[in-house]
Amino acid sequence: MKVNGREYWVEDEGEGQALLLLHGFTGRTSTFDSITSRFEKPFRLLKVDLPGHGRTGSIGIVTMERFCRDLKAILDQLGLEKVSLLGYSLGGRTALSFAMLYPEYVDGLILESASPGLPTTEEQLARQAKDKGLSEKLMEEGVESFVDFWESLPLFDSHQSLPDDVEKALREERLSQTANGLSESLLGMGTGHQPSWWDQLSSLKCPVLLVTGEEDEKFRNINRDMAERFTRATHRVVENAGHTVHLENPGIFAKIVDGFMIK
């Protein structure tokens, strides 16, 4: 789908309440297949490959604000006035940013292992420098080397307990990306480049569901603090899961989403 001069891969299937799903860094629209097949309630499922990812691919450096404007245009083309959003990690930061910028489009917000950005300019600048280094690593060493590095991060230690077929599919999803695309994503929509929403969370009036894994201490603490700032937020901590709850405990995750959407 072409909007504002950029071409995005968009999937639109099913009927019912509209639920827009946004994947994480190195992901694509298939990221949530493990949970969408488990939903008990029928939804109109919308999926978008984010800039630099999947079949959207390399479209230049797109900032968080610019992508949210493009996402608004996508919803307008689809004739959707209201959606609920489910975002994981990068997709969660994106879903939150969209809700902050265009609250009139959002019925509800489900954020999995997400954050509102970094609270201080110093932290933002430090993260920008780090992401620039990762971007250079990608361009110099290629995707496979970068994926090896990415999978070794302590954030993903809990993936060691994933079934072999799930772990294999996840690695293939990551390896399907391009160095240019991932580099552009880091430089455009990385945590250090996006707006910090910490001081504005209380202004969001829609219901918010925060989901984190029990073994993901960093994001569990971030989301605990987020929950205290939102007006209408629930924080669910899922046992036997780390950063990627939808893969590590898909049955529970799907039930949590079903329960939130029924309200």
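This report walks through the sheet and the helix packing of one predicted model.

## Ground rules

The model is predicted, so local features need pLDDT of at least 70 and side-chain atom pairs count only at pLDDT 80 or more, while totals for chains, interfaces and linings use all residues. Residues are numbered from 1 along each chain as its sequence is written, and side-chain values use heavy atoms, with hydrogens and water left out.

Helices (H or I, at least four residues) and strands (E, at least two) are DSSP runs, numbered from the N terminus.

Two strands pair if DSSP finds at least two bridges between them. Axes here are lines fitted to C-alpha atoms, for helices over the stretch in contact, and angles run from 0 to 180 degrees between N-to-C directions.

Now look at two strand pairs. Strand 4 (residues 17–22) and strand 6 (residues 83–88) are parallel and share four bridges. Here L19 faces S84 of strand 6. Strand 8 (residues 208–213) and strand 9 (residues 233–238) also run parallel, joined by six bridges. L210 has H235 of strand 9 as its bridge partner.

## Helices beside the strands

Strand 8, helix 8 (residues 217–229) and strand 9 form a right-handed β-α-β unit. Right-handed means that, with the strands pointing away from the viewer, the path from the first strand over the helix to the second runs clockwise.

## An enclosed helix

Buried means under 20% relative accessible area, exposed over 50%, and partly exposed in between (1.4 Å probe, protein chains only). Among the buried residues of helix 7 are A179, G181, L182 and M189. Their cover includes helix 2 (64–77), helix 3 (90–101), helix 4 (121–141) and helix 5 (143–151).

Helix 4 packs on helix 7 at about 175°, with the axes 9 Å apart. The two are therefore roughly antiparallel. Angles under 35 degrees count as roughly parallel, over 145 as roughly antiparallel, 65 to 115 as roughly perpendicular and the rest as oblique. In the contact (heavy atoms within 4.5 Å), D131, K132, L134, S135, L138 and M139 of helix 4 meet A179, N180, L182, S183, L186 and L187 of helix 7. The contact has seven nonpolar, three polar and two charged residues. Ala, Val, Leu, Ile, Met, Phe, Trp, Tyr, Cys and Pro count as nonpolar, Asp, Glu, Lys and Arg as charged, and the others, Gly among them, as polar.

Helix 4 and helix 5 pack at about 135°, with their axes 7 Å apart. They are therefore oblique to each other. L134, K137, L138 and E141 of helix 4 touch V143, S145, F146, F149 and W150 of helix 5. Six of the residues in this contact are nonpolar, one is polar and two are charged.

Helix 2 and helix 3 pack at about 75°, with axes 9 Å apart. They are therefore roughly perpendicular.
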